[in-house]
Amino acid sequence: MSAYLAFTKKEFIENLRTYKVFIMLVVFLLFGFMSPALAKMMPDLLKTAIPAGLEINIPTPTALDSWGQFFKNVGQMGLLVLVIVFCGIMANEFSHGTLINMLTKGLKRRTVILSKLTTATVIWTLSYLLAFILTYYYTAYFWKMDGMHHTFLTFFSLWLFGVFLISLVIFGGILFKNIYGSLLVTGGAVAVMMLINILPKAHKYNPIILSSDNMSLLTAKQDVSDFIPAIIICSVLIVILVTISVMVFNKKQI
């Protein structure tokens, strides 16, 4: 346990020194401001784009429009930033050989995996919470929070999918020992899930809906029962990926 805590502390310090924490917090800070701001300004932006003489009824923005922008920003660009920032979390260890001394001194390889997963997950969680809190504050300032359902599960789903992407990045880095491998595995997995999503019967079992159908759950167009299978499968996949990562890493030559 002491080795885990010590290595996790070292990972946090390293992420601070390499500005990964700063990048994540700043990007998600912007998402937190942008989501309600875009929703508020969207009618005016649309009016300027409409040709003179053409009348189109533009609905008044609501709190749901702000949250729609939030899930669009965080669920797309935010997750992309997450993958890019942490794509070298394992790959850089192989290329720089920084783990050799620690492993030869008795540091267990599973400790390395768990510490890196913990560090990336905590940074992702703090960034996600920052964007959520800012969006909530400004959304509540501009509008009444009406028409929102299953709020905890809606926001938890997107967070869980982010952890899933982190586990994919770690697995890819161990498997191929380079950044391109991490990106290939993560991008390939997302592409496969998008293809599977074409099948209507497989939809509610597909983890990709945790980052794409959030507004349907928030507005009660989809029920909790439509998300539970995907959440369970996503959680199981995270455990499987971490377990396989440890097994593969134990056999890898540093």
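**Ground rules.** I am working from a predicted model, where local features need pLDDT of at least 70, side-chain atom pairs count only at pLDDT 80 or more, and totals for chains, interfaces and linings use all residues. Residues are numbered from 1 along each chain as its sequence is written, and side-chain values use heavy atoms, with hydrogens and water left out.

**Overall fold.** I found 11 helices and zero strands in the protein; these are DSSP runs numbered from the N terminus (helices H or I, at least four residues; strands E, at least two). The C-alpha atoms fill a box of roughly 75 × 40 × 35 Å along the principal axes. Of the 254 residues, 44% count as buried, where buried means under 20% relative accessible area, exposed over 50% and partly exposed in between (1.4 Å probe, protein chains only).

**Helix 3.** I checked its span next: helix 3 has 24 residues and reaches 32 Å from first C-alpha to last, close to the 34 Å expected (1.5 Å times one less than its number of residues). Helix 3 also bends by about 35 degrees at G78, the bend being the angle between axes fitted to the seven residues ending there and the seven starting there. Since 17 of its 24 residues are buried, helix 3 is largely enclosed by the rest of the structure.

**Largest pocket.** I then looked for open space on a 1 Å grid over the protein atoms alone, a pocket being an open set of points where a 1.4 Å probe fits, with protein on both sides within 12 Å along at least five of seven lines; lining residues have an atom within 4 Å of a point. About 470 Å³ lies in the largest pocket, counted as the space filled by probe spheres set on the points, which are joined across faces, edges and corners. It is lined by 21 residues, with G75, Q76, L79, I208 and S211 nearest its centre. Helix 3 gives the most to this lining, eight residues.

**Cysteines.** How many disulfides are there? I got zero, taking a disulfide as a pair of cysteine sulfur atoms within 2.5 Å. C87 is buried at 9% relative accessible area, and C234 is buried at 0%.

**F33.** I placed F33 in helix 2 (residues 20–49). F33 is partly exposed, with a relative accessible area of 36%. F33 and Y137 are 104 residues apart in sequence and 9.6 Å apart in space, C-alpha to C-alpha.
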